[in-house]
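Student: Can you walk me through this one? I'd like to go over the sheet, the loops and the ligand site.

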Amino acid sequence: MHAFEEHVNKNIHGLRPYQPGKPTSELARELGLTDIIKLASNENPLGPSAKAVASATKALAEGHIYPDGSGYDLRQTLAKHINIDAAQLTLGNGSDSLFLLTGQVFVNPGEQIISSQHAFAAYKIVSQVLQADFCEVPAKDWGFDLDAIANAVTDKTRLIFIANPNNPTGTWVTHQQLTDFMQKIPAGVIVLLDEAYYEYVNEKDYPDGISLQQKHPNLIITRTFSKIHALAGLRLGYAISHPQIADYLNRVRFPFNVSSPALAAAISAIEDTDHVEKSQLANRQGAAQLREALDKLGINYLLGLGNFITLDLKQDAMPMYDKLLTEGIITRPIANYGMPQHLRVTIGETEENERFISALQKML
Ligand SMILES: *Cc1c(COP(=O)(O)O)cnc(C)c1O
């Protein structure tokens, strides 16, 4: 025991690090495999737009210069694209960094953060880091129970995290549900609506978060370049909020929290609408391909949105996860989300999906 151990913040002692999907290189080392597919981290199998890559590469040549700390050009591009004011935008090093920034602005130790059972793991980590009291409201049909969450609000509640759709369940709330919910939430409580999979969604009663945000200044929406824009490795996300909240978030963030290659790539990624549409189409087709095959195999799954499918195996998922690894297929066990019988599978390219399906067939 080192002397400094006694000074480690007591919440940090209890903190378990976020468990990412197994990296391809790790499985290659462990099993000596070469032909590996990773369907574990909801990455876009098409990879980034060639235009985004070109822009990032160009920015790298000027890597000795600090990035534009305000991200002016990207915020202008985003503002025009979303039809909001640039002053409503805050850029983050991944949207997960915006969860922490929001908590740092609004939550003091001992105050309360609410989310749902089976919700995205980052929310609880943020809560623990901030020494907040994390209230995990029981899920309904694996998803967010907004009525129960509204009922859980106390005068200590400062922040509510809602992932829509949620990862790892794919469950989602409708515009009407979210509208009713916002009416019940005190105006001083921040609601962070995490829309990491926004661009994949094609449902007509999916919430119009921007219009709700205009009515409710306590609503913050976060989105990311990690998913449909396939720039997960560059780490870039953004928050859409009331300008005054953006002002506070900008005070807390470090001045150069987003790199210049990421800023440059993101502008091109937004402008490359062909690539976005191609990614949407590939995901829709992949989802249909997987669902059809799972139906044939008699494997249950949650009917969710996003670029992944969550299998409901009705038994411990680890044996199947391990067997898939030996086939060179990395999926995501989610026992740490309280779902030991489920396995989350990212929708891959047609051939990747086929390979996953034939591996399943072989096992059953
Ligand atoms: C992937 C994901 C994110 C995105 O995280 P980044 O930090 O932007 O890469 C955020 N929320 C949810 C629910 C996710 O699944």
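Tutor: One definition to begin with: two strands count as paired if DSSP finds at least two bridges between them. Keep in mind that this is a predicted model.

Student: OK. In what order do the strands of the open sheet of four run?

Tutor: The order is 9-10-13-12, and the pairing is antiparallel.

Student: Which ones are the edge strands?

Tutor: Strand 9, residues 300-301, and strand 12, residues 332-334. Each of these pairs on one side only.

Student: And how many bridges join strand 10 to strand 13?

Tutor: Five, linking residues 308-312 of strand 10 with residues 339-346 of strand 13 in an antiparallel arrangement.

Student: What stands opposite Ile309 there?

Tutor: Val345, which belongs to strand 13.

Student: Which residues surround it?

Tutor: The ligand has Gly94, Ser95, Asp96, Phe120, Asn167, Asp194, Ala196, Tyr197, Thr224, Ser226, Lys227 and Arg235 around it. By class, this shell has three nonpolar, five polar and four charged residues.

Student: What does the side chain of Asp194 do at the ligand?

Tutor: One of its polar side-chain atoms is 2.6 Å from a ligand nitrogen. Thr224 has a polar side-chain atom 2.6 Å from an oxygen atom of the ligand. For Ser226, an N or O atom of the side chain is also 2.6 Å from a ligand oxygen.

Student: How much of the ligand's accessible area does the protein cover?

Tutor: On its own the ligand has 390 Å² of accessible area, and the protein covers 93% of that.

Student: Now the loops. Which peptide bond at Pro165 is cis?

Tutor: The one from Asn164 to Pro165, where omega is near -5 degrees. Pro165 is in the loop between strand 5, residues 157-163, and helix 8, residues 175-184.

Student: And what about the bond between Asn167 and Pro168?

Tutor: That peptide bond is cis too, with omega about 20 degrees. Pro168 is likewise in the loop between strand 5 and helix 8. Asn167 is also one of the residues surrounding the ligand.

Student: Last one: is the phi of Asn83 positive or negative?

Tutor: Positive, about 65 degrees, although Asn83 is not a glycine. Asn83 lies in the loop between helix 4, residues 72-82, and strand 2, residues 89-92.

Note on methods: Residues are numbered from 1 along each chain as its sequence is written. This is a predicted model: local features need pLDDT of at least 70, side-chain atom pairs count only at pLDDT 80 or more; totals for chains, interfaces and linings use all residues. Side-chain values use heavy atoms; hydrogens and water are left out. A residue is near a molecule or strand if one of its heavy atoms lies within 4 Å of it. A polar contact is a pair of N or O atoms within 3.5 Å; within protein, one must be able to donate a hydrogen and the other to accept it, and residues adjacent in sequence count only if both atoms are side-chain atoms. Accessible areas come from the Shrake-Rupley method with a 1.4 Å probe; for residues, only the protein chains shown count as cover. Ala, Val, Leu, Ile, Met, Phe, Trp, Tyr, Cys and Pro count as nonpolar, Asp, Glu, Lys and Arg as charged, and the others, Gly among them, as polar. Helices (H or I, at least four residues) and strands (E, at least two) are DSSP runs, numbered from the N terminus.
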